[in-house]
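Welcome! Please take a moment to look over the chain in the viewer, and then we will walk through it topic by topic.

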Amino acid sequence: MRRLAVAALVMVAGFFAGRAVLLHRLEKGLIHTHPQGPRTPQARGLAYDSIDVRSGDRVLRSFYVPADGPGLLIFHGNGEAISGWVDALKLLHDGGVAAMVFDYTGFGNSQGEPTLAHFHEDGLAAWHAFRTRLPAGTRACAYGLSLWTGVLLEVAGELDPPPDCVAISGAFLSLREVAVRRAAVPRWASFLLPDALDNLENAARLRAPLLIEHGAEDQMFPTTWAEKLAAAHPGARLEIVPGMRHPDPVAHPSAASWDPVIRFVKQPPATR
């Protein structure tokens, strides 16, 4: 019996060790950092603040562009830095939305090693800094793009105070599904991966109003994924944007990709 117990413990330890190795490899394969570029919101004539955000023992860099309206914290996508968001910040400002975009650990000029655990801390820290910067009583929402919709939905339940609304664009179902879709892990082995960034589950748990925006021409994730996410969250608003591709909100920001978000963020809260 003792030998059987020891063998069982070895098998369990090996299973969890294997999951940790797979998650580490997945992080390395999926996370693509980007260096900080020279552009700031001043390039588009915008007044802005550069805010240093303390996340654990690391310092994150961010831009905050004020406006006379609600506020939006941006969880940008993979392979990006805040310098690439200047044109989108201009659209939001002109639409009457104050916005802050921050670089995660290891992105741009933010310090540290990029890991999912650090990104979780980053989201909480950035929300605190954002809410501190917003005028008291301002409606405050959060927006996530692509892979970092997962970080936003994962931390949303821990944000204090809670967001008034959440918007996601180009979202996925789960990190497992992304890994399978990108052929990083065969489907038969995907059960070994930890349940990290499960958007389907986290969308169902979210208590804030949710907008799910997705490009009709999204080349990375199918629109059926957006439909499944919308079905998981009672009352979710689904916007399939004609002609929009996956990176368009940041690579080619336009009224088509941002008007649904601006309308959603600016709508008055529901009367209870």
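## A first look

The side chains of E201 and R205 meet in a salt bridge, with N and O 2.4 Å apart; the term salt bridge stands for a side-chain nitrogen of Lys or Arg within 4 Å of a carboxyl oxygen of Asp or Glu. Please keep in mind that this is a predicted model, where local features need pLDDT of at least 70 and side-chain atom pairs count only at pLDDT 80 or more, while totals for chains, interfaces and linings use all residues. Residues are numbered from 1 along each chain as its sequence is written, and side-chain values use heavy atoms, with hydrogens and water left out.

**Salt bridges**

- E201 and R205 both sit in helix α6 (residues 199–205), 4 residues apart, which is about one turn of the helix. Helices here are DSSP runs of H or I with at least four residues, strands are runs of E with at least two, and both are numbered from the N terminus.
- E201 is partly exposed at 34% relative accessibility, and R205 is exposed at 58%. For these words, buried means under 20% relative accessible area, exposed means over 50%, and partly exposed is in between (1.4 Å probe, protein chains only).
- Salt bridges that share partners also join D57, R58, E121 and D122 into one network.
- By the salt-bridge rule, the count comes to 10.
- R44 forms a salt bridge with D87, and their closest N and O atoms are 2.9 Å apart. This pair links distant parts of the chain, 43 residues apart: R44 is in the loop between α1 (2–30) and β1, and D87 is in helix α2 (residues 86–94).
- R44 is partly exposed, with a relative accessible area of 34%, and D87 is partly exposed at 27%.
- D52 and R61 meet through their side chains in a salt bridge with an N to O distance of 2.9 Å. D52 is exposed at 52% relative accessible area, whereas R61 is partly exposed at 27%.

**The sheet**

- In what order do the 8 strands of the open sheet run? The order is β1-β2-β4-β3-β5-β6-β7-β8, and the pairing is mixed.
- β1 (49–55) and β8 stand at the edges with a single partner strand each, so one side of each is left without a neighbour in the sheet.
- From one strand to the next, the twist averages 20°.
- Strands of a sheet pair through backbone hydrogen bonds, either parallel or antiparallel.
- Strand β2 (residues 58–65) and strand β4 (residues 98–102) pair in the antiparallel sense over 4 bridges; two strands count as paired if DSSP finds at least two bridges between them.
- V65 has A99, in β4, as its bridge partner.

**Helices on the sheet**

- Helix α3 lies across β1, β2, β3 (71–75), β4 and β5, and runs at about 135° to β1. Axes are lines fitted to C-alpha atoms, for helices over the stretch in contact, and angles run from 0 to 180 degrees between N-to-C directions.
- The 18 residues of α3 (residues 116–133) should span 26 Å at 1.5 Å a residue, and the end C-alpha atoms are 26 Å apart, which agrees. The expected span is 1.5 Å times one less than the number of residues.
- Several residues of α3 are buried, among them L116, F119, W127 and F130.
- Helix α9 (residues 255–266) lies across β3, β5, β6, β7 (210–215) and β8, and runs at about 175° to β7.

**The disulfide**

- Which cysteine is joined to C141 by a disulfide? The partner is C165, with an S to S distance of 2.1 Å; a disulfide is a pair of cysteine sulfur atoms within 2.5 Å.
- C141 lies in strand β5 (residues 140–145) and C165 in strand β6 (residues 165–169), so the pair ties together parts that are 24 residues apart in sequence.
- The torsion about the S-S bond is about 110°, so this disulfide is right-handed.
- C141 is buried at 0% relative accessibility, and C165 is buried at 1%.

**A proline in a loop**

- P247 is found in the loop between β8 (237–241) and α8 (248–251), and P247 is partly exposed, with a relative accessible area of 32%.
- Leaving aside neighbours within four places in sequence, P247 is in contact (heavy atoms within 4.5 Å) with Q219 and H252.
- The C-alpha atoms of P247 and D218 are separated by 8.2 Å, and the two residues are 29 residues apart along the chain.
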